[in-house]
Amino acid sequence: MAFSKMMPMLLAVSARIRSVSAGLEASKLGKYPGYTGDLAVSGSVQVGQAGEDAVLWYDLKGTDPACAGVAIDKPNACGVHIHSGTSCESEQGGHFHTGSTDPWATVEYTTGAMAKDVAVKTGKTLAENTGRAFVVHDSIGDRVACSLLEAKDGALVASNFTKYPGYNRSLVVTGTVQVGASDNDTTLGYHLMGTDPACTGAAMSKANACGVHIHSGTSCEVDQGGHFHSGTTDPWATVTYTTEASAKNVLVKAGKTLVQNTGRAFVVHDSAGARIACALLKDDATDTNGALYVNALSKYPGYIGALVVAGNVVIEQVGSGAGVAQVLTFSLSGADVQCGVAKLEKPNACGIHVHEGTDCSSAGGHYYAKDLVSSDPWSPIVYFSDTNGSVASTISVEIGTGKPNTDMLNRTVVVHDLQGERVACGVIMSGQARGFGAEEEHSSDASSNTIRSLFTFLLALVLAS
């Protein structure tokens, strides 16, 4: 297929895939002190950090319907902002930022009041934003709702999936599950690959068909017992995945706390109800054999070019022993806009790689087991951006490094430009340091897993040709 024809297809695939992480949330929105109008705003807000930017996600209800995205000549009209105050019981002061120019002045919602990856160059850290007031305005600029930003609750993670004992068919599940708690209810978020493509959302007659459940067992080596819950009615019976195998904020009234869920088996079922994959739920701060994270990227030491790359990276482990490999998920902004339209001729052009160094000032070369792996597995791993320099991608191809995630911890991830120059760097950390909740969007096309698996190699072949 010609390069010019293949690139729009690849860009279309990329545009459907997203990975974000956040560390603070404002979920207890109440009326702003003194506001007597009819609006009653509810919903949730998440705030993360990328370099000097606050990164904002929100999903609000009850906002002003007059905020339709047209220009309104009122200060703070339709605004959603972090304020300097630390209470919602009294006046909240002005917008919270450094510098003389207010970065919040242009941050506003429109009809639907839902957005993600809104970068605001506030110059404030997550620690400084903690406890501040998040304020929602109406179409004339009045403050109508307020909630304090709080650190998100801890979470459990299941990511080292293995085949369920006795399962011998072809499905091989990978991915990450995150489990939180709301009172005694379980909150569930997941992104899985390799699940049963027959799970399309249509009604299934088999018990546990397409199920994703916490089981009572505490090992993936033996049978894991039944679903883990209190009471006589099974709340897990209706919890299922569909083709995209991605969800967030699934509430399951299981009557179990995070402590009780720790160490339990998370089990994935196929369309016939058979148990096909299992992983234990662990504290996300200690699950270094599972997912690792780069939550902030900064300019590579010595780089003097114009690119300012921000974003985050998730590194998941699959396999073990000599066959151990990594799967990358990443979201970038400010990347090289030529990556995706120009031919890749220089070594490391448009690459995103794990390097051996534990500090960005001495990142060293690509990190892999040179005694086990004959050629550099990072060489074909590239990103491509849209015309704004944005990148959102899952490289679902396994990168056979021969190194487990425990060895990846504290290493560096380096982003390259079209010339192969190192432009950005971040240190790999354990736990989702910016808090619980990875928000992901994925194509619902039944063949999306196959497309994503071929993505990196197709791109590399096209750009190298």
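Tutor: Let us begin with Cys278, which counts as buried at 0% relative accessibility, where buried means under 20% relative accessible area, exposed over 50% and partly exposed in between, with a 1.4 Å probe and protein chains only. The model is predicted, so local features need pLDDT of at least 70 and side-chain atom pairs count only at pLDDT 80 or more, while totals for chains, interfaces and linings use all residues. Residues are numbered from 1 along each chain as its sequence is written, and side-chain values use heavy atoms, with hydrogens and water left out.

Student: Which cysteine forms a disulfide with Cys278?

Tutor: A disulfide is taken here as a pair of cysteine sulfur atoms within 2.5 Å, and the sulfur atom that pairs with that of Cys278 lies 2.0 Å from it. The link is left-handed, with -75° about the S-S bond, and the cysteine joined to Cys278 is Cys220.

Student: How many residues apart in sequence are the parts that Cys220 and Cys278 tie together?

Tutor: Strands (E, at least two residues) and helices (H or I, at least four) are DSSP runs numbered from the N terminus. Cys220 lies in the loop between β15 (212–215) and β16 (246–252), whereas Cys278 lies in strand β18 (residues 275–280), so the distance in sequence between the parts tied together is 58 residues.

Student: Is Cys67 buried or exposed?

Tutor: Cys67 is joined to Cys78 by a disulfide with an S to S distance of 2.0 Å, and this link is left-handed, with -90° about the S-S bond. Both cysteines sit in the loop between β5 (53–61) and β6 (80–83), eleven residues apart. Cys78 has a relative accessible area of 3% and is buried; Cys67, with 1%, is likewise buried.

Student: What is the handedness of the disulfide of Cys339 and Cys350?

Tutor: The sulfur atoms of Cys339 and Cys350 are 2.0 Å apart, and the two residues lie in the loop between β23 (325–333) and β24 (352–355), eleven residues apart. Cys339 and Cys350 are both buried. The torsion about their S-S bond is about -90°, so the disulfide is left-handed.

Student: How many disulfides does the count come to?

Tutor: When the bonded cysteines of the protein chain are numbered in sequence order, the pairing reads 1-2, 3-4, 5-6, 7-8, 9-10, 11-12. By the sulfur distance rule, the count of disulfides comes to six.
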